[in-house]
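Subject: Structure for your review

Dear colleague,

Please find below the structure that I am handing over to you. My notes on what was found in it follow directly after.

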Amino acid sequence: MQMRCPFFNRALAGLLIALAAGLCVAPAHADQPCRVEPFGVETAADRARDFTRHCSGEQVKWNLSATPRRAMLSGQPNIVRAQLNSLTTQRFGSGMLATFKLNWAASGDSFARRFRTERMALAAGGWFRFDPRWALQANIGREKTGEARTRATVATVWQPVRAALVFAEWAGSEAGTEMHRIGARWWLVPRRLALDFGAIARPDDGFGWEERRIGVTYGLLR
């Protein structure tokens, strides 16, 4: 996507400042938004954290940067880069919440006065807790970094006892199933020492389990 503007630098800076000023950011005492990331990989630690925390609210981050002014005096174009990351979580009762995510990155050339979107990702997700032990998480999103693609993930999370958590996830796109993922966390010392397991199966490899991992995490864990 390209946009031509004779006052590119000033217009872009003004737009981002106005956008940041108009966005509502959650108060400091509010819970942090839950993640929604159909283009990422969530571990057993991530699932355990989401299963126990009460996330809600909005988080907005934006960044604007440019090359030094002297670059134009040397005959080089002034490159302006902008990024916007927004994550919003809305809770509905005690067992359901919805999240929305927007990532956008662009750059511009002050000589050509062009504005080009380099990456854009939109994603929406939901967390449904059926009872204290079972939950379902689903995400869907569209990403463009050259060629646009749509991806989705569906995961079942089970906490049989307070000291353990297990999940199974499916991830796919327009092309079909991309992978199956499983993982588990076992608390050896509650919130201090945990044992994590994980494995991935892809259709290209005949759905044989690979990237099998086991790890120990120690520290003040949420």
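The term pLDDT denotes the predictor's confidence in each residue, on a scale from 0 to 100. Helices (H or I, at least four residues) and strands (E, at least two) are DSSP runs, numbered from the N terminus. This is a predicted model, in which local features need pLDDT of at least 70 and side-chain atom pairs count only at pLDDT 80 or more, while totals for chains, interfaces and linings use all residues. Residues are numbered from 1 along each chain as its sequence is written, and side-chain values use heavy atoms, with hydrogens and water left out.

Confidence

The protein chain has a mean pLDDT of 78, and 74% of its residues reach 70 or more. Over residues 1-9 the pLDDT stays under 50, and the model has 23 contacts (heavy atoms within 4.5 Å) for them beyond four places in sequence. Residues 15-30 also have pLDDT below 50, with 15 contacts in the model beyond near neighbours in sequence. Where pLDDT is low, the predicted coordinates should not be read in detail.

Overall architecture

The secondary structure of the protein chain consists of three helices and eleven strands. Along the sequence, their pattern is β-α-α-β-α-β-β-β-β-β-β-β-β-β. Of the 222 residues, 34% count as buried (under 20% relative accessible area, with exposed meaning over 50% and partly exposed in between; 1.4 Å probe, protein chains only). Among contacts between residues at least 6 apart in sequence, 47% join residues at least 24 apart.

Nonpolar cores

A nonpolar core is a set of buried Ala, Val, Leu, Ile, Met, Phe, Trp, Tyr and Cys residues joined through side-chain atoms within 4.5 Å. The largest one has ten residues: Cys 34, Ala 44, Ala 48, Phe 51, Leu 97, Trp 127, Ala 135, Val 157, Leu 165 and Phe 167. Two or more residues of this core come from each of α2 (44-52) and β8, and α2 gives the most, with three residues. Ala 44, a member of this core, is in contact with Leu 165, Phe 167, Gly 183, Ala 184, Arg 185, Asp 196 and Phe 197, when its neighbours within four places in sequence are left aside. Apart from this core lies another, of six residues, among them Val 60, Leu 84, Trp 104 and Ala 106.

Two strands are said to pair if DSSP finds at least two bridges between them. Strand β2 (residues 57-66) runs antiparallel to β3, and ten bridges join them; in this pairing, Gln 59 has Leu 87 in β3 as its bridge partner. Strands β3 and β4 are likewise antiparallel, joined by 14 bridges, and Ile 79 stands opposite Asp 109 in β4. These two strands form a hairpin with three residues between them, and Gly 93 in the turn has a positive phi of about 75°.

Asn 85 belongs to strand β3 (residues 79-92). With a relative accessible area of 32%, Asn 85 is partly exposed. Ser 107 lies in strand β4 (residues 96-109) and is buried, at a relative accessible area of 14%. The side chain of Ser 107 makes a polar contact of 2.7 Å with the side chain of Glu 118; such a contact is a pair of N or O atoms within 3.5 Å, where, within protein, one must be able to donate a hydrogen and the other to accept it, and residues adjacent in sequence count only if both atoms are side-chain atoms.

Strand β6 (residues 134-144) and strand β7 (residues 148-158) pair in the antiparallel sense over eleven bridges. Three residues separate them in a hairpin, where Gly 146 in the turn has a positive phi of about 135°. Asn 139, in strand β6, stands opposite Thr 153 in β7 and counts as buried at 5% relative accessibility. Thr 153 in turn has Ala 171 in β8 as a bridge partner. Strands β7 and β8 pair in the antiparallel sense over eight bridges, and a hairpin joins them through five residues.

Yours sincerely
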